[in-house]
Amino acid sequence: MRPNSTSPADTEAKIQELIAQLGDKYAATGQDLVGYLEGLYHANFLSYWNYVHLDTLLTLQTPRTDFPDENIFIIYHQISELYFKLVLLELGQIADKSDLGAEEFEMRVRRANNYVRHLIDSFSVMYHGMEQDQFLKFRMALLPASGFQSAQFRMIEIAATDFDLLLLPSEKQADAETIADKFKHLYWLQGATELATGRKTYTLLQFEKKYANTLIEMGEKYATRNLRKRWQELAGKGKTTESLKQALKEFDTHMNVSWRLMHLRSAVQYLHKEPEVIAATGGTNWQQYLPPKFQKRSFYPELWNADEMQEWGKDWIVEMLKQTNKA
Ligand code: HEM
């Protein structure tokens, strides 16, 4: 119970005041306050487990095999998706705020950085946390599903930068004008191509069937208010700051280098290079596709100098090698 230092008379006056305010609130919508007060009397108190839907949350893991480590794989993917959702909440508020200032912009980017950093720092749950033998077996029962199909990951990219910066550097994209046209030239198509035939993988076909329209709509919505555009808007008015720039660079590195390297480390750890284990990913060319140094993708290229772009990801690889040697 909350400590109560007010007198009974003050409490009574406060109750009357709140009832009067509630009366006004309900009268304004033509509803009867008495009925609502009666409902309040009968309603159960809120509990922690109901509020966070704990029972449901803890039953959302349905492994496809009996290998215990499959639970780790599922739960860590779910944790990742929840963090992605937190990132999107911040990016959405940056996009939607009409009078966005540098201070709020930076505060939200720093929150997003914090979430992604948690994922980067915890990726060892994947690359050290499962038995390879179990992984290689249960992974086969999950085909053709892949983290590649994470729509929220793509949504973060779409909210973070201009659609054009997510395209393959091919000639075809020159003719692509609308977001729907550009959608056919996104860089991630490279990661969903069958090595043997060059065709789209079934993993990609499934993903496009479910999410293409949503992602195209999102691309249209964010064309004028993704983070890059919002930053340019502020810069154009001379209202950006050095620390906002640093926060955006950090976000760029987190999403396009560090997270991807940690993720790559997991793929290398479990899948190696033998053709038979490549099959465990649906036969994609992940070894050419996943390494950030091959892609050199950046949300904010104008914030980096030529040397930094040339060395894209190098510092992180050096750091990762040091950690690997220590382990
Ligand atoms: C042992 C753990 C993991 C392994 C071995 C692994 C493996 C792979 C591979 C091989 C790919 C390339 C596409 C494919 O061939 O399927 C991929 C893509 C992807 N995975 Fe994972 N993954 C792991 C964990 C995760 C986790 C925890 C997430 C979080 C949601 C995730 C999200 C993604 C995303 C977003 C892509 C697409 C990346 C891009 O387009 O650059 N993966 N993964």
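User: How long is the polar contact that joins the side chains of Asn-256 and Arg-260?
Analyst: The model is predicted: local features need pLDDT of at least 70, side-chain atom pairs count only at pLDDT 80 or more, and totals for chains, interfaces and linings use all residues. Residues are numbered from 1 along each chain as its sequence is written, and side-chain values use heavy atoms, leaving out hydrogens and water. A polar contact is a pair of N or O atoms within 3.5 Å; within protein, one must be able to donate a hydrogen and the other to accept it, and residues adjacent in sequence count only if both atoms are side-chain atoms. For the side chains of Asn-256 and Arg-260, the value is 3.4 Å.

User: With which side chain does Asn-256 make a polar contact of 2.8 Å?
Analyst: Asn-256 sits in helix 13. Helices (H or I, at least four residues) are DSSP runs, numbered from the N terminus. The 2.8 Å partner of the Asn-256 side chain is the side chain of Asp-252.

User: Is Asn-256 buried or exposed?
Analyst: Buried means under 20% relative accessible area, exposed over 50%, partly exposed in between (1.4 Å probe, protein chains only). Beyond neighbours within four places in sequence, Asn-256 contacts Pro-292, Arg-297, Ser-298, Phe-299 and Trp-312; contact means heavy atoms within 4.5 Å. Because its relative accessibility is 2%, Asn-256 counts as buried.

User: What is the relative accessible area of Pro-292?
Analyst: Pro-292 is found in helix 16. Neighbours within four places aside, its contacts are Asn-256, Val-257, Arg-260, Leu-261 and Trp-312. Pro-292 is buried, and its relative accessible area is 4%.

User: How far apart in space are Lys-293 and Gly-313, C-alpha to C-alpha?
Analyst: Lys-293 belongs to helix 16, residues 292-295. Lys-293 is partly exposed at 44% relative accessible area. Not counting residues up to four places away, Lys-293 touches Trp-312 and Ile-317. Lys-293 and Gly-313 are 20 residues apart in sequence, and their C-alpha separation is 6.0 Å.

User: Are helix 5 and helix 6 roughly parallel or antiparallel to each other?
Analyst: Axes are lines fitted to C-alpha atoms, for helices over the stretch in contact, and angles run from 0 to 180 degrees between N-to-C directions. Helix 5 (residues 69-96) and helix 6 (residues 102-122) pack at about 170 degrees, with axes 9 Å apart. Angles under 35 degrees count as roughly parallel, over 145 as roughly antiparallel, 65 to 115 as roughly perpendicular and the rest as oblique. The pair is therefore roughly antiparallel.

User: Which peptide bond is cis, with omega near 5 degrees?
Analyst: Most peptide bonds are trans. Pro-144 lies in the loop between helix 8 (132-140) and helix 9 (151-160). The cis bond runs from Leu-143 to Pro-144.

User: What is phi of His-53?
Analyst: His-53 is in the loop between helix 3 (48-51) and helix 4 (54-57). His-53 counts as exposed, at 53% relative accessibility. Phi is positive here, in a residue other than glycine, with a value near 50 degrees.

Methods:
Helices (H or I, at least four residues) and strands (E, at least two) are DSSP runs, numbered from the N terminus.
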